Amino acid sequence: MTENQSIVTQYISDHIATVLKKPVGFIRYPFIDPGSVYDGNVWDWDTYWSVYGLLPFAQKTHNDTFTQQVLEHARGNVMNFLDYQLPDGYIPMMIENGSWQEPYLTMKHRQGVLMNMHKPFLCQQICLISDFIHDYSWITAGNTPDQLESYFTCYYRDYYNRNCSLFVWSDDIMIGVDNDPASFGRPKSSTANTFLNCFMVSEMKAMEKIMRQTERTDRAAWYKTESEKLSSAIQTEMYDRRDRFFYSADVDIKTRSYDWFHKGLGVFWKTLPIKIRMWTGFLPMLTGIATSEQASFLAAHYRDTATFHCPYGITTLAQDEKMFNLDPSNNPSNWLGPVWLVANYAVFRGLLNYGFRSEAEEICIRSLELLANDIRTTGQMHEYYNPFTGVPVMNGGFINWNILALNMADELAAGEEQVTE
């Protein structure tokens, strides 16, 4: 274990109990929060990545009692979200211990306001937990499989563009990559985002696995077909052959009729690329959608110091984009260039999947150095960082997906390359 890895491991060991929360208010099950300013809230993709990092960490560095505690809170994450599913299938993205009688997002949905719903990490978290304990019975009994079916029904009803076979955000609120210019500030339901669609492929694969555990083989086959259909749509509508990069897509495309004008050759293309290079363009490597040839082009994008490559991993927005900005910001958080450990991990894992080990090793080393330097200097970890200096931008006390730096080291040591096509 390197010195930086040791420093990060010790810090997380000393502080991890602070994010394992007991039920509070209308949050009825134990849960994991990200720490820092997010104390006391249950978040969708945040809890997934926390569990993704915490389970191997607990197993490696702690006793079985602590591992069981992590599992209890991980299952609680899932149950808290299912607890607030509405009859139409809607599940909120976040459950806060607020002053309302129920989560704000479900309250607004009941009022008829269509907002974004739980990002596609619910089934993935279920499989993450179930595969770790080699047991799906905690989730396949009772009504839960039907609840998950209803969750997908809601996605297809309210967030699916049938013209291009891609999923869209309803608005630009809590979209994970908060101020991604491909979605942030744009009209409602106009963007098929790479983040949403790539992770939806993984979510459908997870649902296929859950359906097989319940012996619903016909439904499992349906989700398999849909994941393949979505992967194909991502290839067709999001991959740019000229730039050799995956872009989010504008789906607000149609022939606009004005009197007798526009009666000839109309709009026959289904989408237009939103040519903004975000770190999410690398996600097809993480989720196994990219071909080997495409992965080689994406690896070249990673190595480009004029765009993504930086001293501490990758910039979340390409440095030559006009929106590149490193200002501190909450609500929305700033993803316009700062280093986020979850983005570093996603690109790391994608590169490793396709055999780019030296590039993956570089991201791992730089991520551990970034966090260890922060701990040495400030005594804590932060949410995101200046990509050139490594200075934290804001939100000290953040843990969450920063744990993924340790996953990188473990996965490299285990030789987990897996060429995917």
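Is S202 buried or exposed? S202 is buried, with a relative accessible area of 15%; buried means under 20%, exposed means over 50%, and partly exposed lies in between, using a 1.4 Å probe and protein chains only.

Before moving on, note that this is a predicted model, in which local features need pLDDT of at least 70 and side-chain atom pairs count only at pLDDT 80 or more, while totals for chains, interfaces and linings use all residues. Residues are numbered from 1 along each chain as its sequence is written, and side-chain values use heavy atoms, with hydrogens and water left out.

**Stop 1: around S202**

Select residues 194-213, which form helix α8, and find S202 in this helix. Helices (H or I, at least four residues) and strands (E, at least two) are DSSP runs, numbered from the N terminus. Now show Q124 and T287: S202 touches both, not counting residues up to four places away in sequence. A contact here means heavy atoms within 4.5 Å.

**Stop 2: aromatic rings**

Colour Phe, Tyr and Trp. The structure holds 42 aromatic pairs. Rings of Phe, Tyr and Trp (its six-membered ring) pair if their centres lie within 6.5 Å; planes under 30 degrees apart count as stacked, over 60 as edge-to-face and the rest as tilted.

Select W49 and Y345. Their ring centres are 5.9 Å apart and their planes stand at 65 degrees, so this pair is edge-to-face. The pair links distant parts of the chain, with W49 in helix α2 and Y345 in helix α12, 296 residues apart. W49 is buried at 3% relative accessible area, and Y345 is buried at 0%.

The rings of Y345 and F348 have centres 5.7 Å apart and planes at 40 degrees, so the pair is tilted. Both residues lie in helix α12, three residues apart, about one turn of the helix. F348 is buried too, with a relative accessible area of 0%.

For a ring with a charge, go to W222. The charged end of R219 sits over the ring of W222, 4.7 Å from its centre. The rule asks for NZ of Lys or CZ of Arg within 6 Å of the ring centre and within 35 degrees of the ring normal.

**Stop 3: helix α14**

Select residues 404-413. Why is helix α14 described as largely enclosed by the rest of the structure? Eight of its ten residues are buried, so the description follows from that count. The buried residues are L404, A405, L406, N407, M408, A409, E411 and L412. To see what covers them, show α1 (3-15), α2 (44-61), α12 (341-353) and α13 (357-378), which are among the covering elements. After α14 comes G415, whose phi is positive, near 65 degrees.

**Stop 4: a cavity and a pocket**

On a 1 Å grid over the protein atoms alone, a cavity is a set of points where a 1.4 Å probe fits but cannot get out, and a pocket is an open set with protein on both sides within 12 Å along at least five of seven lines; lining residues have an atom within 4 Å of a point. Grid points are joined across faces, edges and corners, and a volume is the space filled by probe spheres set on the points.

There are three cavities of 30 Å³ or more. The largest cavity holds about 70 Å³ of space. Its lining includes M1, Q5, T9, P56, F57 and D410. Helices α1, α2 and α14 each supply at least two lining residues, and α2 gives the largest share, five residues.

The second largest pocket has a volume of about 430 Å³. Of its 22 lining residues, Y38, W43, M174, D178 and S333 are the closest to its centre. The elements giving two or more residues to this lining are β3 (41-43) and α2.

**Stop 5: a hairpin**

Select residues 382-385 (β14) and 392-396 (β15), which pair in the antiparallel sense over three bridges. Two strands pair if DSSP finds at least two bridges between them. Y384 stands opposite M394 in β15. β14 and β15 form a hairpin with six residues between them, and G390 in the turn has a positive phi of about 80 degrees.
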